[in-house]
Amino acid sequence: MQVEQTGTTLWQQLDGAEIVDLAQPMRTGMPQSPNHPRFRMVIERRHGDMVREDGGSAANELIVTGGHVGTHVDALGHVSHDGHAYGGVEVAGIQSHKGLSRLGIETFPPYVGRGVLLDVTAVHGVDVLPPGYEVTRDDLEAALKRTGVAIRPGDAVLIGTGWSLEWDRPSRFVGEEGGVPGPGADAARWLVERGVKVAGGETIAFEHIAAGRGHATLPVHRILLVEAGVNIVETMRLTRLRELGATEFLLVINPLHVVGATGAPVRPLAVLAP
């Protein structure tokens, strides 16, 4: 397929672009929410366990993971409120041991569109927001003003808290040492008012988690997933984007196509113009 506007192919237009991987590495023992099954990867067959007549051999692994482990996308059916998911769907009628019959992650179409990074750490002049800090509407307004761009309906908006830098400190990353920074309910409504399609951040829950509260309540999930139909990407690695001062970019989000799953791992890619 050719893009006639410039007389060049789409891939030629991307020559020299920087590709930034926004996924955290998945490995046994990585930090994750205690609410989800632990990630585990083991080599099930090793080289030499079976050798073909020509001397060839192969190794392979067994991977056990929950859908909300590592960098992942929340399906709209992930959260319910008073027994109902997005669109007023009764969750009692759509769930079974086989998964969700509606609102599963397979209904999330691959996102290839504009991404906007709102770096709240830059607003406050820090590398990492304090544990338990609530990102407010005013924070997002200030971060947006720094970008010099506007949010358009259908955009994906990522919030920079610097929390990626805590990845190698598991107990701190999951909030055991004072909570986790993230958007509060009013910040979530700010995103909805601007018509965002996807929202993402660096923490295991796209929420303000106060010290000692854990996941007692998740109002941002309710507002985005249940009320507004906005998918959430969690545990993103935004360090490189923040270092580059990136504000807008082509964003590719394509989670694993697991039918009926409430979420699935993803390796988001940001494409920065050359």
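**View 1. A nonpolar surface patch of about 490 Å².** In this predicted model, Leu-10, Trp-11, Leu-14, Val-112 and Leu-250 make up the patch. Patch residues have over 30% relative accessible area and no salt bridge, and their nonpolar side chains are joined within 5 Å. Val-112 belongs to strand β11 (residues 111–119), strands being DSSP runs of E with at least two residues and helices runs of H or I with at least four. Val-112 is exposed, at 56% relative accessible area (exposed is over 50%, buried under 20%, 1.4 Å probe, protein chains only).

**View 2. The largest nonpolar core.** This core has 34 residues, and Leu-118, Leu-140, Leu-191, Phe-206 and Leu-224 have the most contacts inside it. A core joins buried nonpolar residues through side-chain atoms within 4.5 Å. Helix α6 (219–228) gives the most, with five residues. Beyond four places in sequence, Leu-224 is in contact (heavy atoms within 4.5 Å) with residues including Ala-188, Val-192 and Phe-206.

**View 3. The surroundings of Gln-24.** Gln-24 lies in the loop between β3 (18–21) and β4 (40–45). Gln-24 is buried, with a relative accessible area of 5%. Among the residues it touches, leaving out those up to four places away in sequence, are Thr-71, Ser-164 and Trp-167.

**View 4. The aromatic pair of Trp-167 and Phe-173.** Ring centres lie 5.2 Å apart with 90° between the planes, an edge-to-face arrangement (pairs have centres within 6.5 Å; edge-to-face is over 60 degrees). Both Trp-167 and Phe-173 are buried.

Residues are numbered from 1 along each chain as its sequence is written, and side-chain values use heavy atoms, without hydrogens and water. Local features need pLDDT of at least 70 and side-chain atom pairs 80 or more, while totals for chains, interfaces and linings use all residues.

How values were computed. Phe/Tyr/Trp six-rings, centres within 6.5 Å; stacked < 30°, edge-to-face > 60°. Patch = residues over 30% accessible without salt bridge, like charges linked within 9 Å, V, L, I, M, F, W, Y side chains within 5 Å. Areas by Shrake-Rupley, 256 points an atom, 1.4 Å probe, with all protein chains shown as cover. Salt bridge = Lys/Arg side-chain N within 4 Å of Asp/Glu carboxyl O.
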